[in-house]
Amino acid sequence: MNRHMKTAAGLGSFCALGLAAVAVLTTGCGSSKTSDGKTVVELVHYKPEAVKAFEALEEKFNATHDDIELVIDSPNDAMTILKTRFIREDYPDIIGIGGDINYSNFLDSDMLMDISDYEGLSEIKESYLRTDKELEFVPMDGVYAVPYMANAAGVLYNRDIFEEHGWSIPTTLDEFYQLCEEIQDAGIQPLYFGFKDTWTTLAPWNAICVDLAPSDICSQVNNGSATFAEAYRPVAEVTKSLLQYAEPDPVAYSYNDACTAFARGESAMYVIGSYAVPQIKSVNPDINIDSFVFPASNNPEENVLNSGNDLQWSVLASCKNKEAVYEVLDFLYEDENIQTYLDDQNAVPCKKGDFELPSMLDGMKEYIEQDKMADYQDHHYPSEMAVDAMIQTFLMDESEDALDTFLTRFDTEWARYNRDLIAKVQKFYKDHPEKLTEGGEES
């Protein structure tokens with residue numbers, strides 16, 4: 001299951017729920033002890049596909065700690081379960097969620113503890129800490145999540161096909177177009193898309209955005225200093241330009257169709273995230289996959305890896321076991337335990353250090369090591385806005401004014417679905433104008 005499918009339901013009307021939860025948050029969950037006096041730390045995360053890795057980590061922790069019992073819950077549909085538990089005032093100590101709009105809503109509801117005193121933060125790559133700060137609707141003092149694992153998106157390619165034809169990895173947009181032409185001339189399909197599943201339209205969109213649009217464009221729009229019509233114009237143009245190198249009528253094919261086609265060698269490249277590799281290898285276990293950053297700019301220095309916080313830890317404000325929780329976090333961030341997760345899930349570590357990454361990320365390793373990364377734009381989009389469907393409609397629209405129609409609609413729909421948030425943000429900056437100019441940009 002990919003990260004978009006997992007979070008598609010989102011929190012929806014979580015703001016209303018959050019207010020209700022905050023009203024009872026002060027009652028807290030209290031300290032919990034086992035019969036032999038151990039402090040119980042409960043961790044609930046949203047990655048059921050990693051249940052085996054977490055079962056191993058839970059067992060290892062409990063075998064090596066005499067005063068704490070770690071309980072890890074890996075439920076399906078974790079966000080719905082968490083919302084229900086919050087209503088019942090039944091709070092876990094730690095939650096593991098992605099760095100997306102759900103996290104923003106948790107923050108906005110004052111449900112998370114400021115953990116800026118956690119020493120392990122100094123070991124986290126700056127780009128992933130910055131990503132979390134950009135997910136704040138308004139600037140907040142403190143730190144409310146510790147990034148754990150990330151994923152990466154760009155262009156997957158068939159290494160054997162590339163080596164057979166002597167093709168080089170492009171570092172500019174023009175080089176990418178030229179490569180696509182060479183692939184076509186060789187009688188091979190350059191790209192394959194599965195746009196029948198609307199969420200897949202966000203894969204190229206996000207990978208292009210990190211080069212061509214400000215990472216905080218959503219915040220800029222909310223505070224009234226920018227528009228999507230201007231910022232997203234080049235992104236939309238490049239996204240649509242890829243259709244000339246795709247299979248005929250990509251909207252007729254699903255995500256599974258695209259993965260299968262790429263697995264069978266029916267295309268040389270696939271613009272998608274690393275999360276698609278298990279699906280591809282389920283069709284062809286022997287396929288030799290590598291990846292590269294999508295070069296959406298003609299300046300190689302502007303290339304950025306599209307990588308977001310796929311799993312991060314937050315402590316509930318109601319937690320009474322902060323010292324024990326920090327001990328659990330210290331354990332999770334031990335290098336060998338991080339490597340356990342990497343080996344199981346083919347993820348990207350958010351912690352600094354020398355970790356063994358899957359070979360499919362060889363072409364992105366330089367960007368990971370240099371911490372040259374930016375978040376997925378759709379992590380800021382409300383699910384109700386259905387941006388993926390909007391992009392799909394735009395890609396299918398062959399009218400002369402399709403681009404302007406799409407961009408105008410993006411601004412209009414954003415204002416519609418974020419009306420209350422925009423009012424809140426603009427009031428904040430009216431009351432705190434210095435926050436727009438600190439450091440020469442929005443803080």
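1. Helix H9 (residues 202–212) packs against helix H12 (residues 233–241) at an angle of about 140 degrees, and their axes are 9 Å apart. Axes here are lines fitted to C-alpha atoms, for helices over the stretch in contact, and angles run from 0 to 180 degrees between N-to-C directions. Helices (H or I, at least four residues) and strands (E, at least two) are DSSP runs, numbered from the N terminus. The angle makes H9 oblique to H12; under 35 degrees counts as roughly parallel, over 145 as roughly antiparallel, 65 to 115 as roughly perpendicular and the rest as oblique.

2. The model is predicted: local features need pLDDT of at least 70, side-chain atom pairs count only at pLDDT 80 or more, and totals for chains, interfaces and linings use all residues. Residues are numbered from 1 along each chain as its sequence is written, and side-chain values use heavy atoms, with hydrogens and water left out.

3. H9 and H12 cross in a right-handed sense (right-handed if the near helix is turned clockwise from the far one by less than a right angle, left-handed if anticlockwise). From H9, Trp205, Ile208, Cys209 and Leu212 meet Pro234, Val235, Ala236, Val238 and Thr239 of H12, contact meaning heavy atoms within 4.5 Å. By class, the residues of this contact are 8 nonpolar, 1 polar and no charged. Ala, Val, Leu, Ile, Met, Phe, Trp, Tyr, Cys and Pro count as nonpolar, Asp, Glu, Lys and Arg as charged, and the others, Gly among them, as polar.

4. For helix H18 (residues 387–396) and helix H19 (residues 402–417), the packing angle is about 165 degrees and the axes lie 10 Å apart. The two helices are therefore roughly antiparallel to each other, and H18 passes H19 in a right-handed crossing. H18 contributes Val387, Met390, Ile391 and Phe394 to the contact, while H19 contributes Ala402, Leu403, Phe406, Arg409, Phe410 and Glu413. These residues comprise 8 nonpolar, no polar and 2 charged.

5. Helix H3 (residues 51–64) and helix H15 (residues 322–332) pack at about 120 degrees, with axes 11 Å apart. H3 and H15 are therefore oblique to each other, and their crossing is right-handed. Leu57, Lys60 and Phe61 of H3 form the contact with Glu327, Val328, Phe331 and Leu332 of H15. The class count for this contact is 5 nonpolar, no polar and 2 charged residues.

6. There are 3 cavities of 30 Å³ or more. On a 1 Å grid over the protein atoms alone, a cavity is a set of points where a 1.4 Å probe fits but cannot get out, and lining residues have an atom within 4 Å of a point. Grid points are joined across faces, edges and corners, and a volume is the space filled by probe spheres set on the points. The largest cavity holds about 100 Å³ of space. Of its 14 lining residues, Phe137, Cys218, Asn222, His380 and Leu421 are the closest to its centre.

7. Helix H5 (101–108) and helix H10 (217–222) are the elements that give two or more residues to the lining of the largest cavity. H10 supplies the largest share, 3 residues. The lining residues divide into 7 nonpolar, 5 polar and 2 charged.

8. Leu357 lies in the loop between strand S8 (348–349) and helix H17 (365–369). Not counting residues up to four places away in sequence, Leu357 touches Ala347, Pro349, Lys365 and Ile368.

Conventions:
1 Å grid on protein atoms, 1.4 Å probe; cavity = no way out; pocket = protein on both sides within 12 Å on 5 of 7 lines; lining within 4 Å.
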